[in-house]
Amino acid sequence: MNHRKFQRTLWASWLGFIIVLVIWQVVASVGIRDPLVFPGPASVVEAAIKNVPLTRLLEHIGISLLRVIMGFSLGAAVGITVGIVSGWYQKLGNVLRTPIEILRPIPPLGWIPLAIIWLGLGESSKVFIIFLGAFFPIFTNTFKGMVAIDPNIVRAAQTLGIQKNRLLFKVIFPATLPDIATGFRVGWSYSFGLVVAAELIAASSGLGYMIMHARELSMISVIMYGIILIGAINLITDYLIQEVFLKRRLKWHYIETAF
Amino acid sequence: MTDDDARGKVEVKNVSKQFDIEDSDQGLAIKDVNFTVQPNEFLTIVGRSGCGKSTMLNIIAGLLNPTEGEVLIHGKPVTEPGLDRGMVFQSASLFPWLRAIENIEFGPRNIGMPKDKRRELARDLIKLVGLEGFENKWPRELSGGMQQRVAIARAMAMDPEILLMDEPFGALDQLTREDMQRELLRIWENRRKTVIFVTHSILEAIYLSDRVLVFCPHPGNVRKEFEIDLPRPRQKSSTEYMAYYEEIYENIS
Amino acid sequence: MDTIAAIEEEKKGFQLSDRWIQIITTVAIIGIWELLSRSGLIKPVHLPSPTRVASTFFYIMREGYPQDITIFIHIKATVWRIIQGYLLAVVTAIPIGLVVGSHFMLERVANPVVTFARSIATISLLPLAIAWFGIGELSSILLITYGAFWAILTNTIQGVKQVDVTYINVAHMFGANQRHIFFRVVLPATLPRVFAGMKIGLGVSFMVIIAAELVGTVEGLGALIQQSRLYYRTDITIVGMIFIGLFGLIISFGLDRLERVMLPWAVGLEEVKR
């Protein structure tokens with residue numbers, strides 16, 4: 001779409017949010033009218049500020065983010081390594097891929113009970129779930145990237161007299177970066193949902209826990225607050241990763257963005 | 001002059017097209033274009049990419065409206081697409097969810113022709129473009145050349161007086177392209193119509209047309225006109241052919 | 001040079017020897033697993049032996065867990081919830097998506113809201129749903145609907161936006177009116193993308209329901225693995241996970257098959273951009 005047209009209609013983007021907020025407030029004040037059951041946006045903000053002190057909130061956010069980062073990094077490291085190895089050594093790849101493909105259909109959240117049995121109710125079980133959520137897409141995309149390298153690029157490098165090791169680092173790896181990036185995006189988008197779910201189900205800290213705890217205390221406004229907060233953080237981190245990290249590093253390649 | 005004489009006659013009068021800067025990148029795409037196409041004439045507009053020839057064709061088709069001037073088809077101004085004009089686009093214009101024969105039936109179906117009549121009509125056209133046996137293929141199963149044949153058959157299904165072709169062979173490889181050029185002439189000999197053809201290939205223009213208009217950009221306009229006075233089928237290697245080529249090439253830059 | 005060989009091999013397609021490697025690897029893994037269990041290096045509470053898992057596999061079909069709730073009852077519970085939630089999402093998201101996608105301004109207004117709604121973790125809505133509707137069918141179903149809805153909606157909108165304008169031009173040349181163009185051109189043209197959205201939506205539904213069932217239901221695959229954990233029946237947990245995995249596979253294969261039947265003309269049209 002033409003850039004000018006985009007600018008001209010920027011106001012429309014805000015209109016959507018405003019409409020939603022207005023409808024929300026109307027339903028709350030005129031329709032349901034019980035702030036304990038269905039608080040409007042104003043009540044949500046008010047109650048949240050009252051009931052969740054900033055320090056506690058930052059604690060929750062921090063813990064959740066920490067778990068995500070740890071799980072994601074682990075998943076990325078293992079995923080990329082195994083992906084590249086599987087792509088580079090075909091026979092070994094077949095062997096490695098067998099258990100991976102067998103385990104893939106099981107959604108990461110389905111691993112929670114087993115993770116708790118193995119790792120207890122502490123940090124490691126949550127990190128493990130996020131690891132799984134990041135590993136599969138990153139591995140898959142890395143492997144696909146390795147296998148789908150344009151042979152002409154490799155041949156061109158060889159005619160320029162490159163040795164085997166340098167070929168891997170200087171040619172093959174950069175060529176797979178776009179696919180790895182895609183895997184990152186997918187993996188990250190799973191990670192956030194997973195950490196919240198894992199915390200909902202079995203944790204004593206973090207944003208997911210905050211929401212679940214609020215439910216036990218029947219503080220619906222805090223639940224809503226938490227939900228929106230999680231959504232916002234998700235959006236922001238996604239945006240940061242795309243714009244700052246991926247687009248800068250991979251200027252030479254077109255990356256599809258959500259924005 | 002009777003109505004029949006005017007059938008298929010296209011008059012382009014002082015046509016200009018200014019694109020809104022907001023909408024697109026062009027400014028003044030074409031300016032003060034004037035030419036006439038005689039009934040059953042094969043006219044080609046040739047020019048570099050971006051010279052405005054496609055814009056001109058789209059205006060004749062009725063898909064775009066001129067900012068100034070008008071296009072008359074036997075005396076009546078063109079404001080929107082109509083069944084008197086059929087159009088073949090460059091590529092990927094066949095509806096992928098319809099089989100070849102169903103694509104051809106699209107026009108007739110749209111006006112409510114009963115099923116057996118339009119089936120017969122479509123079969124006839126399939127034969128005409130040489131695709132017997134491929135009626136029930138999906139477009140994705142057909143090669144580029146075959147797809148364009150179906151596109152031609154589809155455009156001819158409503159028996160339009162005027163056939164508009166926007167670089168229809170541009171996406172094909174050279175050999176297929178040359179086959180299609182011969183095919184097109186064969187079909188045209190079989191069912192005479194006015195053809196307005198757009199291309200950037202001078203060789204193609206000379207091979208196919210009675211008359212060639214050289215279009216030049218900034219803003220788009222007819223620079224020069226050439227009558228191709230060679231008997232068909234034309235030899236691309238003949239001296240006369242190359243002479244035309246040289247002349248047109250000079251005028252294109 | 002391994003990678004070039006790999007590329008050429010991959011292009012040749014799946015060889016019989018590949019299949020053998022897979023089979024051998026699988027058997028080897030199960031074998032080693034069994035040995036480790038037998039030797040006592042792995043505690044059965046952590047990972048029961050394959051033989052134990054196999055026998056539990058059949059046990060759970062006959063006797064069930066908790067008592068009398070066979071695996072089929074669990075599966076049925078999960079499936080039924082998915083069906084209800086998913087269908088609700090489909091019948092709402094597709095029409096809305098078609099309308100929004102067709103109108104530029106509508107789409108501009110809706111886009112940010114949709115983007116935000118999608119970034120809300122569906123599972124985070126579970127406490128809200130439970131607070132309003134209690135633990136039960138309705139909460140799970142609504143959660144599924146929420147998750148699937150946005151996936152289907154965004155893909156439908158994109159599908160409409162991406163309809164090649166050439167198709168519409170062709171239709172115009174034949175004098176088709178607005179209604180005809182919508183039903184005979186736009187609609188079929190969006191089908192592949194809508195179907196892709198439906199596939200994703202079903203996948204989301206599946207993941208959401210498992211999570212929801214982990215929190216609080218008695219029947220259902222998620223409930224099964226949660227319950228069994230609480231009673232240290234790791235063998236049942238694993239069998240449950242196997243069933244979950246199989247279920248997921250059946251869903252995705254089933255959908256691929258369905259797509260090939262319903263949209264035979266669309267093979268290869270929805271290709272991943274590199």
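Student: In what order do the elements of chain A run from the N terminus on?

Tutor: Chain A reads α-α-α-α-α-α-α-α-α-α-α from the N terminus. Its secondary structure comes to 11 helices and zero strands. Do keep in mind that this is a predicted model.

Student: How do you know what confidence the predictor has in chain C and in the complex?

Tutor: For chain C, the mean pLDDT is 87, and 92% of the residues reach 70 or more. Within chain C, helix α1 (residues 2-12) has the lowest mean pLDDT of the elements, 57, while helix α7 (residues 137-161) has the highest, 95. The complex as a whole is given an ipTM of 0.88 and a pTM of 0.86.

Student: What makes A:L103 partly exposed, rather than buried or exposed?

Tutor: Let's count its neighbours. A:L103 has 14 C-beta neighbours inside 10 Å. Buried would take 20 or more, and exposed would take 12 or fewer. The count of 14 falls in between, so A:L103 is partly exposed. This residue is found in helix α5 (residues 90-103) of chain A. Its C-alpha atom is separated by 9.5 Å from that of A:F136, 33 residues apart along the chain.

Student: Why is helix α10 of chain A called largely enclosed?

Tutor: Helix α10 (residues 207-216) of chain A has 10 residues, and eight of them are buried, so the rest of the structure largely encloses it. The buried ones are A:L207, A:G208, A:Y209, A:M210, A:I211, A:M212, A:A214 and A:R215. Just after α10(A), A:S218 takes a positive phi of about 55 degrees. For chain A overall, buried residues make up 41% of the 259 residues.

Student: Into which domains is chain A divided, and how do they touch?

Tutor: The division is into domain 1 (1-33) and domain 2 (39-249). The C-alpha centres of these two domains of chain A lie 31 Å apart. Five residues of domain 1 of chain A are in contact with four residues of domain 2 of chain A. On the domain 1 side of that contact there are three nonpolar, two polar and no charged residues.

Student: Which residues touch the most other members of the largest nonpolar core?

Tutor: They are A:I112, A:I129, B:I60 and B:I196, in a core of 199 residues. The largest share of this core, 18 residues, comes from helix α9 (residues 178-216) of chain C. As for B:I196, leaving aside neighbours within four places in sequence, its contacts are B:V10, B:V37, B:L43, B:L57, B:I60, B:I162 and B:L164. As background, nonpolar side chains in soluble globular proteins tend to be buried together.

Student: Why are β2 and β5 of chain B said to stand at the edges of their sheet?

Tutor: Start with the strand order. The open sheet of four strands in chain B runs β2-β1-β4-β5, with antiparallel pairing. Strands β2 (28-37) and β5 (76-77) of chain B each have a single partner strand, so one side of each is left without a neighbour in the sheet.

Student: How do you know that β1 and β2 of chain B count as paired?

Tutor: Pairing requires at least two bridges. Strand β1 (residues 10-18) of chain B and β2(B) have six bridges in the antiparallel sense, so they meet the requirement.

Conventions. Residues are numbered from 1 along each chain as its sequence is written. Chains are lettered from A and ligands numbered from 1 in the order in which they are written. This is a predicted model: local features need pLDDT of at least 70, side-chain atom pairs count only at pLDDT 80 or more; totals for chains, interfaces and linings use all residues. Helices (H or I, at least four residues) and strands (E, at least two) are DSSP runs, numbered from the N terminus. pLDDT is the predictor's confidence in each residue, from 0 to 100. Domain bounds come from an automatic or database domain assignment. Two residues are in contact if their C-beta atoms, placed from the backbone, lie within 7 Å. Ala, Val, Leu, Ile, Met, Phe, Trp, Tyr, Cys and Pro count as nonpolar, Asp, Glu, Lys and Arg as charged, and the others, Gly among them, as polar. A nonpolar core is a set of buried Ala, Val, Leu, Ile, Met, Phe, Trp, Tyr and Cys residues joined through C-beta atoms within 7 Å.
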